[in-house]
Amino acid sequence: MSSVISISKLAKHYQVPEREAGLKAAAKGLFKRTYKTVKAVDGISFEIQPGEVVGFLGPNGAGKTTTLKMLSGLLYPTSGGVSVLDYEPSKRSHDYLRQITLVMGNRNQLSWDLPALDSFDLQRAIYSIPADDFKRTRDEFIEMLDLKDLVQKPVRNLSLGERMKMEIVGALLHKPKILFLDEPTLGLDVTMQKRIRTFIAEYNKRYDATVLLTSHYMADVEALCRRVIVIHHGRLLFDGDLSKLVEKFSAFKTVGFTLSNPVADLSQYGEVVSVDGLRVTMRVPKEKTSAVTTRLLNELVVDDLTVEAIPIEDVIESVFSVQKEAME
Amino acid sequence: MQGFRLAFSYLRIGIMNEFQYRANLYIQILQTFIALATGLIGLNLVFAQTSELGGWNKAELLAVMGVFTITGGVIRAAVQPNMERLMEEIREGTLDYALTKPADAQLFISVREFRLWQMVDVLTGFVVLVVALIQLNWLVDLWSVLGFLSALVMGAVMVYCFWLIITSTAFWFVRVHEIANLFEGLYAAGRWPVDIYPNWLRYGLTFLVPVAFAVTVPAEALTGRLTLQTWLVALGLTVALFIISRVIWRIGLRNYSGASA
Amino acid sequence: MKRYIDFYLSSMKLAVLEQWQYPIANYFYMIGMIAEPVIYMVVWSTVATQQGGMVGGYTPGAFAAYYIVWTLVRNMNVVFTPYGWEWRIRQGQLSMSLMRPIHPLHYDVSYFAGWKIIVIILWIPLAFALSFFFKPDLHPTLIQGAVFFFAIWFAYLIRTMTLSLLGMVTFWTTRVSALFELYFAAELVLSGRLVPLSLMPDWVQRLAWFFPFRWAFGFPIESLVGNMATNDLLLGLGMQLAWIISGAVAVSLIWKVAIRRFSAVGG
């Protein structure tokens, strides 16, 4: 099968004016400006197959949004190739735009003062969706997201999460094949995040859509994406299975247990992360895990011993911090 | 006293802020120039057809224009930006920050913004006024200067109170953004002395929107038209408006705290 | 074509529904706007009375008619401002509208056209109130009425084009308010907004012929209030159309360049 999204050696460089602090420098800046080049995206390549849900990760300023904008045609690449559904996105041909959608968690498209239903109707006209098709899709989405009682209320009266659900319905009414989701769950509470996640997964299954998603919440990524792409400073760090990411970057496991008597020195077993009364958490190199647990059970009196993989957030964080040190 | 210190420190911050955006100064100069030019064009068009308007001659009307420009500058520098910010905060529900400060809330919300570059208008207004007074062969006279200055201050206070009352309605009606526009429209009426307007409009411009007191009355002081009676009415109205605006602000505030809790 | 009609109707409907929620705010806006012509009207009526009942061919009644019709034309002239362009580029709204398979300008044109319907409905009682106070002298013929109907909508389109062009300058620089102010000042003097153009010196009147301003402002008013010959009325509509078409061509050309720039420097 051929890929639906394909980018190769993609780069986006900006010229930004350099500002110095201070009044005098600011005044001077009015007349003469110096520029520096910022490499927001610096030569990344990947392919995505139809129907894949891919998590796109990286710290703030890594180049995620820039890449999404190039994919959706809002930004023109400095160099490199982008092809989505065999279109060149930056041409923004209407046929292309009809097959994709871009959802940004902090932007709203719906009319603030009106019930979402009215805005949905405008979407119908914009995308020239046949009337019965439109009604079916709309009602289906409303059902899936449990919005029946809310679509008649003015959007301004909805909670943040409810509004986001409405936004997503509005953004998907034309049944796009490709979804670019930039922080779709930003600022939402846990149940709301879950709801939106389930919906995205369901949409992906029903319409065999391809999804590229960025999120600060690893739970989103874990629930939805088998594959993740990690970028940092505009460069590709990792592209592959989520489980491989953990394996590759996480050399440790977490061992937790409860002592029956306090023990003065535990450092001989591994690095102690926290001690809360008699409850101890420590970090142990992966290959030594079984040896350490055996020793603990033999030499000390312990209850509730658990061995866990390090939470994925921490793995990602350690990837970035290692990378940061390497860069500096 | 602490209130004054607060006002002063905000004033300082405001001025420093404005220095960051020096380009705005040039824009302001241009804007003032354009407003002056269109004002003069209007005045000349009228006096190309007649030699006096409602008992005021051209030089006297130029003086009115000067006062109009001065007061307009003061309002746009110190009153309007504060009120617009307040409106925005009521709308967005972010007023709480301001209310948690240890100062009188009304004072606090009234001194947070200051647009220094609007002083260009004030200066230009003074120049226009001086030119007009020279044309009138005006002799410096202590009483008319005092009358003028006091009328100017009272006018500014009245306009402030008017703005505060209108802005306070934002506690009840969420979208009052058009108010600024409304005021600008009505304030423009002050370009001409209010005596030329039909009665109903003159009363409106005197008591509903205190444009008459903000512009016409100070100009009257300089052109020897101000009577003690008018001056006393102005004083009474200033005090009354100040009390009314404070009461309405208080009620609105209570309403706001009740709703957001 | 059918697709665009559908879009226009939907978008206008949305505008009507949205604006209908705020009759009071809309009214404040209109009242604020009405102060300006009332001032001109009073000043010029006073002058006319002092000059023995007429100045520049206008009696107080004719001035009243001119400035009351003015209020409607002024409202038709309200379109998406250049400051709005600045705002929507900064806020990222433009990016979102670029994602739709329809030219964003269609959205502006249709939305404001829908809003105009509300504005006209709200204007009618105001016009009655003003007429009650100022006794306009207005006797349009049928053909004048018909020309006026088209002229106000053409005026709307002319100003949409010119202000969109002006607004697009913000793609290149954000310090454009000075330019906008100059434009608005020129418009004030050359459009018939400040005074009927016939009160202006001859050379100003001749100059005004070559700018879009009077076609978006003075002409629609005069078509109803003045006694223009049918030929002149039709010529005026023709001039309006010419400005609309050349404006639209200019807008679409500059739009292409602007968007190319926009997608180079970021959305």
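This is a predicted model: local features need pLDDT of at least 70, side-chain atom pairs count only at pLDDT 80 or more; totals for chains, interfaces and linings use all residues.
**Figure 1. Chain A at a glance, starting with confidence.** Residues are numbered from 1 along each chain as its sequence is written, and chains are lettered from A and ligands numbered from 1 in the order in which they are written. Chain A has an average pLDDT of 86, and 92% of the residues score at least 70. Eleven helices and 13 strands make up its secondary structure; helices (H or I, at least four residues) and strands (E, at least two) are DSSP runs, numbered from the N terminus. Along the principal axes, the C-alpha atoms of chain A fill a box of roughly 75 × 60 × 50 Å. Of the 328 residues in chain A, 36% are buried. Buried is a matter of counting: 20 or more other C-beta atoms, placed from the backbone, lie within 10 Å of the residue's own. Contacts need C-beta atoms, again placed from the backbone, within 7 Å; among those in chain A between residues at least 6 apart in sequence, 72% join residues at least 24 apart.

**Figure 2. A strand with both faces covered.** Why is strand 6 (residues 178-182) of chain A largely enclosed by the rest of the structure? Five of its five residues are buried. On one side sit Ile178(A), Phe180(A) and Asp182(A), and on the other Leu179(A) and Leu181(A). Strand 6 of chain A pairs in the parallel sense with strand 5 (residues 100-104) of chain A, over five bridges; two strands pair if DSSP finds at least two bridges between them. Ile178(A) is the bridge partner of Ile100(A). Strand 7 (residues 210-214) of chain A also runs parallel to strand 6 of chain A, joined to it by five bridges, and there Thr214(A) partners Asp182(A).

**Figure 3. A four-stranded open sheet in chain A.** The strand order is 11-12-10-13, with antiparallel pairing. At the edges are strand 11 (271-276) and strand 13 (302-309) of chain A, each pairing on one side only. From one strand to the next, the twist averages 20°. Strand 10 (residues 252-259) of chain A and strand 13 of chain A share six bridges in the antiparallel sense, and Lys253(A) stands opposite Ala309(A). Helix 10 (residues 289-299) of chain A packs on the sheet, touching strand 10, strand 12 (279-285) and strand 13 of chain A, and its direction makes about 170° with that of strand 13 of chain A. Axes are lines fitted to C-alpha atoms, for helices over the stretch in contact, and angles run from 0 to 180 degrees between N-to-C directions.

**Figure 4. Where chain A meets chain C.** Here 24 residues of chain A are in contact with 22 residues of chain C. Helix 2 (64-72), helix 3 (94-97) and helix 4 (116-126) of chain A each give two or more residues to chain A's side. The largest share, five residues, comes from helix 4 of chain A. By type, this side of chain A has eleven nonpolar, six polar and seven charged residues. Ala, Val, Leu, Ile, Met, Phe, Trp, Tyr, Cys and Pro count as nonpolar, Asp, Glu, Lys and Arg as charged, and the others, Gly among them, as polar.

**Figure 5. Where chain B meets chain C.** This time 31 residues of chain B are in contact with 29 residues of chain C. Helix 2 and helix 8 (178-187) of chain B are the elements giving two or more residues to chain B's side. Helix 2 of chain B gives the most, with twelve residues. Chain B's side divides into 20 nonpolar, eight polar and three charged residues.

Figure 6. Is Trp44(C) buried or exposed? Trp44(C) is buried, with 25 other C-beta atoms within 10 Å. Leaving out residues up to four places away in sequence, Trp44(C) touches Val55(C), Phe63(C) and Val195(C).

Methods:
A residue is buried if 20 or more other C-beta atoms lie within 10 Å of its own, exposed if 12 or fewer, and partly exposed in between; C-beta atoms are placed from the backbone. Two residues are in contact if their C-beta atoms, placed from the backbone, lie within 7 Å. pLDDT is the predictor's confidence in each residue, from 0 to 100.
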